Amino acid sequence: MKIGKETVPRSSISTSDEHTIVVRGHDLSKELIGKISFVDHFFLLLTGKMPSPVQTAVLNATLVAIAEHGLVPSVQAARMTFAAAPDAMQGAVAAGKLVYNDSSNNCGGCHTFKPAGATGKVGPALDDLYKNAQLAGLSVPDFIRQSIVDPNAYVPPGYPKNVMPGNFGSLPKSQLDALIDYLVPTSTKTVSP
Ligand code: HEC
């Protein structure tokens, strides 16, 4: 018996009958479970062959390297949510949090922001931007946008110029908008104008 509907184009990766499940020609319960590693099984599924020790080592190293670059559930979930429903607030928040926490942007490395659990101390805390927005003569959302796109336009007292990276203006528009939506609420809720 093949796995899956008979009407669906099928592969021969696995087959099963009432006694055995066979994966790429190997008996799942007798030859694979408890005998080979997950990475070896992945290699077997993908290529149809058992890996050599060298291939196992390279695949292991590759997967560890990928895991360090965003192959984490929060990234996948936020991207899918935002792509499916860009107008939904939850989507924007999820995506904003994604952009904020993205290790290449590293906002949290420099800024404290409670909703993201970030405790950076290089730049001002972002939990309440109302006062600085007022000093800069802008609404909170406009101030946040300006601070991200053109950081030197307003530099709050006691903080250095040219430290906040100047290249965030080139983030895709959807990411920038989501990031601003993400940063605004705490500033408007906690301070009365
Ligand atoms: C290398 C450290 C660094 C990184 C990374 C960084 N910032 Fe900043 N940021 C600063 C500094 C320093 C200031 C204050 C000086 C200025 O306004 O340029 C600042 C200012 C700001 C302000 C204005 C705050 C205020 O009260 O005036 C906002 C908003 C802001 N950053 C958002 C972000 C976001 C969002 C990210 C990630 C996309 C980010 N920053 C990444 C250092 C950083």
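Trainee: Of the 26 residues around the ligand, which come nearest?
Mentor: In this predicted model, the shell around the ligand holds 26 residues. The elements that give two or more residues to this shell are helix H6 (107–110) and helix H8 (140–149). The residues of the shell that come nearest to the ligand are Cys107, Cys110, Gly123, Ser147 and Met164.

Trainee: By class, how many residues of the shell around the ligand are nonpolar, and how many are charged?
Mentor: The shell has eight polar residues, with Gly counted among the polar class. Sorted by class, the rest of the picture is 18 nonpolar residues and, for the charged class, no residues.

Trainee: Which residues are buried in H8, and what arc do they cover around the axis?
Mentor: The buried residues in H8 are Val140, Phe143, Ile144, Ser147 and Ile148, and Ser147 is also one of the residues that come nearest to the ligand. They lie on the same side of H8, because the arc they cover around the axis is only 125°.

Trainee: Is Asn106 buried, partly exposed or exposed?
Mentor: Asn106 is placed in the loop between helix H5 (89–101) and H6, and its C-alpha lies 9.8 Å from that of Ala118, a residue twelve positions apart from it in sequence. A residue needs 20 or more C-beta neighbours within 10 Å to be buried and 12 or fewer to be exposed. Because Asn106 has 14 such neighbours inside 10 Å, it counts as partly exposed.

Trainee: In what order do the three strands form the open sheet?
Mentor: The edge strands are strand E1 (14–16) and strand E3 (26–27), each of which pairs on one side only. Strand E2 (residues 21–23) is joined to E3 by two bridges, and these two strands run antiparallel. The pairing in the open sheet is antiparallel, and the order of the strands is E1-E2-E3.

Trainee: Which residue is the bridge partner of Val22 in E3?
Mentor: Strands of a sheet pair through backbone hydrogen bonds, either parallel or antiparallel. Here E2 and E3 run antiparallel and are joined by two bridges. For Val22, the bridge partner in E3 is Asp27.

Trainee: Where does Arg24 lie, and is it buried, partly exposed or exposed?
Mentor: Arg24 lies in the loop between E2 and E3, and its phi is near 50°, a positive value in a residue other than glycine. The cut-off for a buried residue is 20 or more other C-beta atoms within 10 Å. Because Arg24 has 19 C-beta neighbours inside 10 Å, it counts as partly exposed.

Trainee: What is the phi of Asn162, and is the residue buried or exposed?
Mentor: Asn162 is found in the loop between H8 and helix H9 (173–190), and its phi is positive, about 60°, although the residue is not a glycine. Because Asn162 has 9 other C-beta atoms within 10 Å, it is exposed.

Trainee: How many helices and strands does the protein have?
Mentor: Read along the sequence, the protein follows the pattern β-β-β-α-α-α-α-α-α-β-β-α-α-α. Of its 193 residues, 17% count as buried. The secondary structure comes to nine helices and five strands.

Trainee: What pLDDT does the protein average, and over which residues does pLDDT stay under 50?
Mentor: The protein averages a pLDDT of 80, and 75% of the residues score at least 70. Where pLDDT stays under 50, the model has three contacts beyond four places in sequence, and this stretch is residues 189–193.

Key:
Residues numbered from 1 in each chain as written. Predicted model: local features only at pLDDT ≥ 70, side-chain atom pairs only at ≥ 80, totals over all residues. Near = placed C-beta within 6 Å. Helix = DSSP H or I, 4+ residues; strand = E, 2+ residues; numbered from the N terminus. Arc of directions from axis to C-beta. pLDDT = per-residue confidence, 0-100. Contact = placed C-beta atoms within 7 Å. Pairing = 2+ DSSP bridges.
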